[in-house]
Amino acid sequence: PKRQSYEQRAEVAKNAVSKQLLNLMAKKKTNLAIAADVASTKQLLALADQVGPHICVFKTHVDILDTWNAEVQGELQSLAEKHDFLIFEDRKFADIGSTVVAQYSGGLYRIADWAHITNAHLVPGPGIIQGLKQVGLEKGRGLLLLAEMSSKGHLATGSYTQAVAAAAEEHQDFVAGFISQTPSSWQPQSSPGLIHMTPGVQLAKGGDNLGQQYNTPQSVIGGAGSDVIIVGRGIYGASDPRETAQQYQEAGWSAYLASVSA
Ligand code: UP6
């Protein structure tokens, strides 16, 4: 079945971040997010400048980096403005509401100050959404809920995934979408404003020796019905990350075009 375009979905998105992201994707013609899992801050900033023109989202694990301070934060934010991408700190919050309030707003990283998007597991129940929302909503931030994972043997299936879908529906002022694998098999068609991002993507199917499983841009955007491909080692591990990012951009975008015209 033919899918709605990113622009059409931006019209009906119920929170600021998903609206902004869907419009940005349409304008830049990219549904590529990079997982910038490099160890040095120098590499991180260089990578953001190199692949910036080809991505919609720059995904970080800030606790991997050798250095983090206000200056680094400012440089990353400048690159996000220069290249027009959103920053997604892949924090995978998983605690009670009151604890995530402190973790999201404070500590060494002050994630809510610079990350347009962060994410959370729903294991603790809806209090985690309420806590994160208390910090992020007034700053114009958005949350992704982990509905499924890419790794072998993960436990986010069936009724768990259904409960995540329902919680997202209920909190659309702050929840921008999901981390998912096969949304076409479970996501109700009712909320086209919610965005699906899928990690575990490379140009060829496969995996690593610690349980990661890879699907292709074509199968993730086309078959599985996701919106954004998240690629880490496939890009930053390549000999020419910029050129490789462009390849993923083209693969993801042509899969999207095929799915909206089918
Ligand atoms: N990620 C997954 N699977 C999930 C959720 N998140 O791989 O279900 C994240 C990882 C990593 C990136 O934390 O940052 O996506 C995947 O990187 P890779 O492409 O190098 O495997």
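**Close-up views of a predicted model**

Asp 90 has its place in strand S3, in a model that is predicted.

View 1. Because 24 other C-beta atoms lie within 10 Å of its own, and 20 or more are needed for the term, Asp 90 counts as buried. If residues up to four places away in sequence are left out, Asp 90 touches Lys 59, Thr 60, His 61 and Asn 119.

View 2. Lys 92 is partly exposed, with 14 other C-beta atoms within 10 Å, and apart from its neighbours within four places in sequence it is in contact with Asn 119, Ala 120, His 121 and Leu 146.

**View 3. The buried side of helix H2.** Helix H2 comprises residues 16-28 and reaches 18 Å from its first C-alpha to its last, close to the expected 18 Å. In H2, the buried residues are Val 17, Ser 18, Leu 21, Leu 22 and Met 25. These residues lie on the same side of H2, because they cover an arc of only 125° around the axis. Among the elements they pack against are helix H1, strand S3 and strand S4. After H2 comes Lys 29, with a positive phi near 55°.

**View 4. The shell around the ligand.** The ligand is surrounded by 16 residues, of which the closest are Met 149, Ser 150, Pro 199, Gly 232 and Arg 233. Strand S10 and helix H9 each give two or more residues to this shell, which by class holds 6 nonpolar, 7 polar and 3 charged residues.

Terms used: Residues numbered from 1 in each chain as written. Predicted model: local features only at pLDDT ≥ 70, side-chain atom pairs only at ≥ 80, totals over all residues. Near = placed C-beta within 6 Å. Helix = DSSP H or I, 4+ residues; strand = E, 2+ residues; numbered from the N terminus. Nonpolar A, V, L, I, M, F, W, Y, C, P; charged D, E, K, R; others polar. Expected span 1.5 Å × (residues − 1). Buried ≥ 20, exposed ≤ 12 C-beta atoms within 10 Å, placed from the backbone. Arc of directions from axis to C-beta. Contact = placed C-beta atoms within 7 Å.
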